[in-house]
Structure formats: structure tokens, C-alpha cells
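Here's a walk through the fold you're about to see, from the overall layout down to a single residue. Have a look at the model before reading on.

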Amino acid sequence: MIAFLLSWVSEIAERSPDLATAILAALPVTELRLSIPLGVQVFGLSLARAFLVSVIGNAIPVFVLLYAAPLFLFFRRHCVWFERWYAKTVLRLEEKHRASYQRYGAIFLFIFTAIPLPGSGVWSACLLAIVFDMKRRLALPAILGGMIAAGGIVSLILSGVLKGLSFLL
């Protein structure tokens with residue numbers, strides 16, 4: 001699966017490095033934490049362009065997930081496999097972060113998304129917003145703001161300004 005994904009993205013990158021970078025940013029495993037460095041170092045984009053394309057690509061799932069939240073309830077009721085995945089993954093995520101969310105609200109989602117660590121990107125933040133039944137008008141700016149902050153941190157690390165944090169990449 002990973003070999004297929006890399007092959008597919010490599011083929012796209014030959015035609016359009018911007019599109020390949022945006023696709024990587026939109027995927028839940030890579031997000032912009034990996035798409036910015038790959039855009040610069042592998043696809044040859046400037047840091048500013050890789051940042052911009054990655055932010056655009058990473059923002060697409062935010063809108064899709066937050067506006068498709070009612071589908072989660074439908075699939076939980078009607079699809080056994082979805083309920084199993086939900087119970088295994090999403091409820092565990094909810095238990096882990098409930099206290100922080102109750103204490104800090106939307107600020108928690110911003111901080112959660114802004115820290116460029118695996119598992120703390122926009123996909124997880126959107127799932128938390130859905131589980132905690134956050135209003136979109138609060139969740140959207142918190143998640144998008146955290147995403148831009150994470151992209152800024154990754155860009156600063158990549159440019160050498162925050163060299164001590166290079167272990168995060």
C-alpha cells in the first residue's frame with residue numbers, strides 16, 4: 001500500500017509538484033508535517049510555495065470532515081464495521097483528550113493541531129470536534145489556525161531557524 005502510494009505521488013510529482021504536495025498534505029498519515037519537507041527537498045518547490053500549497057491541501061479535509069459530521073452518526077447506526085472503527089479509534093481519542101477539551105475548549109483544538117507531532121493533525125482535531133459536538137464556527141478557526149501554526153513551525157525547522165527541533169521532522 002505504501003509503495004503504491006509513493007509510486008502514485010511520484011508520478012503526479014513529475015507532472016505537477018504542487019498537486020503532489022497538496023495531495024500529501026490532504027492525507028491523514030502525512031498532512032503538512034511531511035508535505036512541506038517533501039515539497040521542498042524532493043519536489044523542488046520553494047519553502048513559501050510548499051507552505052502555501054500544503055496549507056491549501058491540508059485545509060480541504062477540515063471542511064469536508066466538519067461539514068460531513070452528520071454522516072458519522074448515520075454510519076455509526078447503520079454500519080457495523082464503522083462502529084467498530086469508531087469505538088476502537090475515536091472513542092479512545094475522546095477519552096484521552098476529554099479533560100483538556102472541557103478545560104480549554106477551542107483553544108485546546110488550536111494547541112493540539114499546532115504541535116507538529118504524529119497523530120495531532122487536522123484529521124484528529126476534526127474527529128475530536130465532531131465527538132465533542134463543537135460548533136463549526138468555533139472548531140473551524142481553531143483547527144485552521146493550529147494547522148497554519150504547525151506549518152509555520154515545520155517551515156522554521158526546515159529553514160534551520162529552529163534547528164533544535166529537527167527531531168520532529
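What follows goes from the whole chain to its cores and then to one alanine.

A word on conventions: this is a predicted model, where local features need pLDDT of at least 70, side-chain atom pairs count only at pLDDT 80 or more, and totals for chains, interfaces and linings use all residues. Residues are numbered from 1 along each chain as its sequence is written, and side-chain values use heavy atoms, with hydrogens and water left out.

Start with the layout. The chain has nine helices and zero strands (DSSP runs numbered from the N terminus, H or I of at least four residues for helices and E of at least two for strands). The radius of gyration is 17 Å, close to the 15 Å that the globule rule gives for 169 residues, so the chain is as compact as a globular protein of that length. That radius is taken over C-alpha atoms, and the rule is 2.2 Å times the number of residues to the power 0.38. Along the principal axes, the C-alpha atoms fill a box of roughly 45 × 35 × 25 Å.

How is the chain held against itself? Among contacts (heavy atoms within 4.5 Å) with a separation of 6 or more, 64% are between residues 24 or more positions apart. As for burial, 43% of the 169 residues count as buried, meaning under 20% relative accessible area, with exposed over 50% and partly exposed in between (1.4 Å probe, protein chains only).

Now for the inside. A nonpolar core here is a set of buried Ala, Val, Leu, Ile, Met, Phe, Trp, Tyr and Cys residues joined through side-chain atoms within 4.5 Å. The largest one has 36 residues, and V62, L66, L109 and I143 touch the most other members. Helices that each supply at least two residues to this core include α4 (47–67), α6 (80–104) and α9 (136–159). Take V62: setting aside residues up to four places away in sequence, V62 touches V122, C126, L140, I143 and L144. There's also a second, separate core of seven residues, with A13, A20, L24 and F43 among them.

Finally, zoom in on A59, which sits in helix α4. Is A59 buried or exposed? At 13% relative accessibility, A59 counts as buried. Beyond its neighbours within four places in sequence, A59 is in contact with L144 and M147. A59 and E31 are 28 residues apart in sequence, and their C-alpha atoms are 9.7 Å apart in space.
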